Amino acid sequence: MESANHTHKLIGPFRQLVTLRELPLKGALSDEQLEVISSAGILIHGDQILEVDHYEHLVGKANDLGAQIVSVAGDHVCLPGFIDAHTHVCFGGTRARDYALRNAGKSYLEIAREGGGIWDTVKQTRQTDEAQLVNEMLQRLKRLTTSGITTVEVKSGYGLSIADELKMLRAIKSANEIADQDLIPTCLAAHVLPRDYDGNHHQYLQEMARDLLPQVLEQGLASRADIFIEDEAFGTEMAFEYLQSAQKLGFDLTVHADQFSAGGSQVAADLGAKSADHLEASTEREIKLLAESDVVAMALPGASIGLGCAFTPARKILDHGGSLAIASDWNPGSAPMGELLVQASMLATSEKLTNAEVLAGITNRAAAALGLSDRGILEAGKKADFIIYNTSHYNEVFYHQGMMKPAQVWKDGKKVLGSN
Ligand code: NIG
Ligand code: FE
């Protein structure tokens, strides 16, 4: 434990601090809408932000509180810690062979039909023991720390039996106790029908809803449920029924929607899911219905890059008034890169997204997609999750397309990366 006076800290001065305060959760954003405090400081107490303001305005208060002064003199910019709101970083093995096959001309769905794809990772994950799953996950999460990510959603979905889904969710819970980030677990038992299941799609979903989901809740392993809605995975009607049962149990919902064919986003909107993710195949109709709902549209450019297919129509979603979050989808199959800001930058140049739209997509709008109101914005009362870049203007961070890495990363008021 730190001594009492050091639970208050003043960090700064920064050339710029971008708060993300008072931004609409939906619709297009111009860079002028960002609140940028110049010569800024951040005053924290324990794991929370007490105040953000011009540094000189905070010095007196900091002295009164006996705060530790953490000086970052020179060119520095402070941003909220990034939130990667859709990942599958809990997995065993590799799918390097799938990647080679895809680039030699086979499609993702063809490979899946021939026994590769998600089922291949299920076999490898089942063979990996829980401690090893935790270790491999922690290595991936360490890399995410270096990219400034302070909150990570992590899905199960490579277990696909009651015991193996519980094993994955327990591994995520264990990793959460050690990782720099907060891990937000999601149960994706409805990823695909496991090949060794003795029954049909509908029976599988009924069994998971009846026998797995209540245990997941009772054991405090997850309070979010996800499903992959696609011809090769689960159809819209049975998905609706499954998600509705999950919702009745108290789960928040999210959907893998419209990746190869449209349909999932309608289910997400009808049930008031927190987010509809992928959306590469969304048409005007789905874009409108998402924009009219409170469902956050989540683009996963890492999956487009990994599969070599079109990006989510992010510009249209924003221009129609929808909310857009951006996540990495880091997984061993469709999105093996796992570099959120690199991917968001590729999406931005292709779709023409402003820096404000990219930044909101990985901070406050990503927080909304996870139903978290305590982060993603730098203001009093929020979590002291922030990242510091060695540069004089926040535009530089985006200009370097994810290859400029933060000099410091602070999580819950503690420095988890960086010297001094
Ligand atoms: O988000 N679309 C379905 N699920 C994952 C891919 C999982 C995998 O290929 O292992 C996704 O892209
Ligand atoms: Fe995914």
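Predicted model: local features only at pLDDT ≥ 70, side-chain atom pairs only at ≥ 80, totals over all residues.
Q: Are His86 and His88 buried or exposed?
A: His86 and His88 are both buried.

Q: Switching to the sheet, what is the strand order?
A: The order is S6-S7-S8-S9-S10-S11-S12-S13, which makes an open sheet of 8 strands with parallel pairing. At its edges are strand S6, residues 82-84, and strand S13, residues 323-326, each of which pairs on one side only.

Q: How much twist is there from one strand to the next?
A: From one strand to the next, the twist averages 25°.

Q: Can you zoom in on S8 and S9, and say how many bridges join them?
A: Strand S8, which covers residues 182-190, runs parallel to S9 and is joined to it by 2 bridges. For Ala190, the bridge partner in S9 is Ile227.

Q: OK, aromatics next; how many aromatic pairs does the structure hold?
A: There are 5 aromatic pairs in the structure. One of them is Tyr197 with Tyr204, whose ring centres are 5.2 Å apart and whose planes meet at 75°, so this pair is edge-to-face. Tyr204 also pairs with Phe234, and here the arrangement is stacked, with 6.2 Å from centre to centre and 5° between the planes.

Q: Why does the pair of Tyr204 and Phe234 tie together separate parts?
A: Tyr204 belongs to helix H7 (residues 201-218), while Phe234 is in the loop between strand S9 (224-228) and helix H8 (236-249), so the contact ties together parts that are 30 residues apart in sequence.

Q: Are Tyr204 and Phe234 buried or exposed?
A: Tyr204 is buried, at 0% relative accessibility, and Phe234 is likewise buried, with a relative accessible area of 0%.

Q: Which ring does the charged end of Arg140 sit over?
A: The charged end of Arg140 sits over the ring of Phe91, at 3.6 Å from the ring's centre.

Q: What about cysteines, and how many disulfides are there?
A: The count comes to 0 disulfides, where a pair of sulfur atoms would have to lie within 2.5 Å to qualify.

Q: Now the backbone, where is the cis peptide bond at Pro13?
A: The cis bond runs from Gly12 to Pro13, with omega near -5°, and Pro13 itself is placed in strand S1, residues 8-18.

Q: What is phi of Leu20, and of Ser39?
A: Phi of Leu20 is near 70°, which is a positive value in a residue other than glycine, and phi of Ser39 is near 40°, again positive in a residue other than glycine.

Q: Where are Leu20 and Ser39 found?
A: Leu20 is in the loop between S1 and strand S2 (36-45), whereas Ser39 lies in strand S2. As for accessibility, Leu20 counts as buried at 0%, while Ser39 is partly exposed, with a relative accessible area of 39%.

Q: Last one, where is Met403, and is it buried or exposed?
A: Met403 is placed in the loop between helix H16 (394-399) and strand S15 (408-411), and at 62% relative accessibility Met403 counts as exposed.

Q: How far is Met403 from Leu341 by C-alpha atoms?
A: Their C-alpha atoms are separated by 8.1 Å, although Met403 and Leu341 are 62 residues apart along the chain.

Terms used. Residues numbered from 1 in each chain as written. Chains lettered and ligands numbered in written order. Heavy atoms only, no water. Helix = DSSP H or I, 4+ residues; strand = E, 2+ residues; numbered from the N terminus. Buried < 20%, exposed > 50% of the residue type's maximum accessible area, 1.4 Å probe, protein only. Phe/Tyr/Trp six-rings, centres within 6.5 Å; stacked < 30°, edge-to-face > 60°. Lys NZ or Arg CZ within 6 Å of the ring centre and 35° of its normal. Pairing = 2+ DSSP bridges. Axes fitted to C-alpha atoms, helices over the stretch in contact; angles between N-to-C directions.
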